Amino acid sequence: MNYLKYGLCIIVLVLSCQLSAQTLYVTDSIHSKLLNENRTFWVQLPENYDPSSDVKYPVVYLLDGFSLQNALQTVYSNYWGHYLPHMILVGISNRNHRTRDLPPSKIASRRGQAANYETGGAEEFTQFIETELIPYIDGKFPTTPYRTLIGHSYAGLFTINMLLNHAHIFKNYIAIDPSLDWDAQKLLNQAKQKLQTKKFNDKSLFVSLAAEQLHMQNEKITIDNVMKDTSEFTLFPRSIIAFSNVAEQQTQNGLNFSWNVYPEDLHGTVPLPSIRDGLIFLFKWYQFKHPQQYNNPDTTVEELTELLKTQETIYKKHFGYSVSPMIEELFSGYGFMNLQMGAPKKAHFFFKMGIKYFPEKANSYDAMASYYMEQNDYANALKYATEAYKINSDAYHKEKLETIQEKLSKE
């Protein structure tokens, strides 16, 4: 194990540094009895996934999953660790039947043209997600009930409909440039009533608006005056703004809400920044409290213990179940950093916590073995290297075990 890499990452506060772990990615499909068709999706397991472990993960469901796949994967790969937990990502294909599956109501025309396509199937698609797809994902992968839904455009409309009418399915929602102008703002009008009367405790919603081109024919329309316009051209942005204003004002309903305007983005470019800002907003509570204290050489082991207890309490409150106060990689990272800084007591503390919270991981014991090797205590190093080898008998752990045994034979 290259502990110098871990230590340097922590020292410069790159708490979400990437490790050389192989990501498990699969494309799959199931036959939906409700929709009477096959539905395709992809699943990406987190970087630290270990099939022999009993660790379970929150899940992000992405509508238009193949179109927006790169955007979500880019954000996740850059922000897990300090900003985001390890999560399972699921991308649902909406290449076919978008207008059938995503809008919540049927229409005869849209924007002055006849709607010669099937619409209004959101309830059936919701039932597919809840009763067929989610049970399949939960049965095949190590998931928790903490779920996030992301949708763009029609899928953003679907996402808001899911929150308003089926809030029990997901915990978090990101609606990117949602088509709230659909069907003469029918869902928007419903939202005005539901946001005032319904409770959304422990639910979070992030909404975005692409504002580079608010009016297709009039460049004088800006975010500052668009609500004064009454043309069909601005109904789309006006609907998003109206919804967001209502959601922002209804603080009594318990909804954790935020929205953002992207003045330099178009409808097609806004998903990437929206996914980034949305996920960071939804998981703001996940970010480390007082990260400087973990890096401060004057922080005592007793103070570190209290910091971890506080973090663990926060995580349990939001997730609804117990979870480690740090990802596995950070326990090793902080441990090796303190070894480099000449603080073996604190290094031992982090390695010990790594074993406490991740007793099924070979790296937890391997890190402690490295600690004892640094202390020239090869008897204890052998003990932990042996445990690591029992879990993972690959060439690395075998070689390390033999190295320690050779050191002991020469004492």
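This tour visits a hairpin, a helix and several salt bridges in a predicted model.

Residues are numbered from 1 along each chain as its sequence is written. In this predicted model, local features need pLDDT of at least 70 and side-chain atom pairs count only at pLDDT 80 or more, while totals for chains, interfaces and linings use all residues; side-chain values use heavy atoms, without hydrogens and water.

Select residues 25–32 and 37–44. These are strands β1 and β2, antiparallel and joined by eight bridges (strands are DSSP runs of E, at least two residues, and helices runs of H or I, at least four, numbered from the N terminus; two strands pair if DSSP finds at least two bridges between them). Four residues separate the strands of this hairpin, and Asn36 in the turn has a positive phi of about 60°. His31 faces Asn38 in β2.

Next, select helix α14, residues 378–391. Tyr378, Ala381, Tyr384, Ala385 and Ala388 are buried there (buried means under 20% relative accessible area, exposed over 50%, partly exposed in between, with a 1.4 Å probe and protein chains only). The buried residues of α14 fall within an arc of 125°, so they line one face of the helix (the arc is that of the directions from the helix axis to the C-beta atoms). The face turned away carries exposed Ala379 and Lys390.

Finally, select Asp64 and Arg98, whose side chains meet in a salt bridge at 2.9 Å, N to O (a side-chain nitrogen of Lys or Arg within 4 Å of a carboxyl oxygen of Asp or Glu). Asp64 is buried at 8% relative accessibility, whereas Arg98 is partly exposed at 24%.
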